[in-house]
Amino acid sequence: PALEVKESKVAPYMRDALEVFYAEHVEAKLKPSTGKQYRNLIDKRITPTLGKLKVGDVEHRHIASLHHSMRDTPYLANRTFAVLSKFFAWAEKNGYPPRNINPASGREKYKEHKREEFMDAEGLGRIGNAVAALEQAWYDKEAMRKRKERVPTDLPAISPQAANVIR
């Protein structure tokens, strides 16, 4: 019992362990864009809810409660759950909670609905303008060749046939 009391006094809090996880795992091994998502979820969702708990004290019910509180945003809830699951797997390998206890395991994710996005008239107009500009650059290059002028090689251009394919 004395050993358990001693270990509980030095056990890290979630907020501290999440920072170590972020530095040692996320920043070191994941893409910057993924790291940005992890940082946002840790700062805005996980730490405010679980940050004051010690890593070994987090139970399945804490994670289930957090996940359930985010039910109105299923995509965000599932991503938060995935970050917690990854964190506890990492923490277990690094000796944080007792071995073989991952409180994030076994939770069902919310069903996500695929988002369909369609290009609006403004987006189509921008593509059309870009294609027209690249096609005009091709005509300008051809005119320079006919005049036997030096043609810049770094000027992007597409042929009228390619422009028509894109249109």
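Lys148 lies in the loop between α6 and α7, where helices (H or I, at least four residues) and strands (E, at least two) are DSSP runs numbered from the N terminus. The phi angle of Lys148 is positive, at about 60°, although the residue is not a glycine. Most residues other than glycine have a negative phi. At 75% relative accessibility, Lys148 counts as exposed; in these terms, buried means under 20% relative accessible area, exposed over 50%, and partly exposed in between (1.4 Å probe, protein chains only).

The model is predicted, so that local features need pLDDT of at least 70 and side-chain atom pairs count only at pLDDT 80 or more, whereas totals for chains, interfaces and linings use all residues. Residues are numbered from 1 along each chain as its sequence is written, and side-chain values use heavy atoms, with hydrogens and water left out.

The chain contains seven helices and zero strands, and its pattern along the sequence reads α-α-α-α-α-α-α. With a radius of gyration of 27 Å, well over the 15 Å that the globule rule gives for 167 residues, the chain is more spread out than a compact globule. The radius of gyration is taken over C-alpha atoms, and the globule rule is 2.2 Å times the number of residues to the power 0.38. Along its principal axes, the C-alpha trace spans about 90 × 35 × 25 Å.

Of the 167 residues in the chain, 29% are buried. The chain exposes about 11,900 Å², of which carbon and sulfur atoms supply 53%; accessible areas come from the Shrake-Rupley method with a 1.4 Å probe, and for residues only the protein chains shown count as cover. Contact is defined as heavy atoms within 4.5 Å. Among the contacts in the chain with a separation of 6 or more, 60% are accounted for by residues 24 or more positions apart.

Leu41 lies in helix α3 and is buried, with a relative accessible area of 6%. Leaving aside neighbours within four places in sequence, Leu41 is in contact with Ile46, Leu76, Arg79, Thr80 and Val83. The C-alpha atoms of Leu41 and Val83 are separated by 7.9 Å, although the two residues are 42 residues apart along the chain. Ala77 lies in helix α5 and is likewise buried, with a relative accessible area of 1%. Not counting residues up to four places away in sequence, Ala77 touches His67, Met70 and Tyr110. Ala77 and Leu66 are 11 residues apart in sequence, and their C-alpha atoms are 8.1 Å apart in space.

Ser105 is located in the loop between α5 (74-93) and α6. This residue is partly exposed, with a relative accessible area of 44%. The C-alpha atom of Ser105 is separated by 7.9 Å from that of His60, which is 45 residues away along the chain.

The chain carries 30 positive and 22 negative charges, whose mean positions are 2 Å apart. In this count Lys and Arg are positive and Asp and Glu negative, while His and the chain ends are not counted; the place of a charge is taken as NZ of Lys, CZ of Arg, CG of Asp or CD of Glu. Side chains of opposite charge can pair when their charged atoms come close. A search of the whole structure finds seven salt bridges, each being a side-chain nitrogen of Lys or Arg within 4 Å of a carboxyl oxygen of Asp or Glu.

One of these salt bridges joins Asp43 to Arg39, with the closest N and O atoms 3.1 Å apart. Both residues lie in helix α3 (residues 32-50), four residues apart, about one turn of the helix. Asp43 counts as partly exposed, at 40% relative accessibility. Glu19, Arg39 and Asp43 are linked in a network of salt bridges.

Arg167 forms a salt bridge with Glu135, in which the closest N and O atoms are 2.5 Å apart. Arg167 lies in the segment after α7 (160-166) and Glu135 in helix α6 (residues 121-146), so the pair ties together parts that are 32 residues apart in sequence. Arg167 counts as exposed, at 54% relative accessibility, whereas Glu135 is buried, with a relative accessible area of 13%. A further salt bridge links Arg147 with Glu149, the closest N and O atoms being 2.8 Å apart. Glu149 is partly exposed, with a relative accessible area of 38%.
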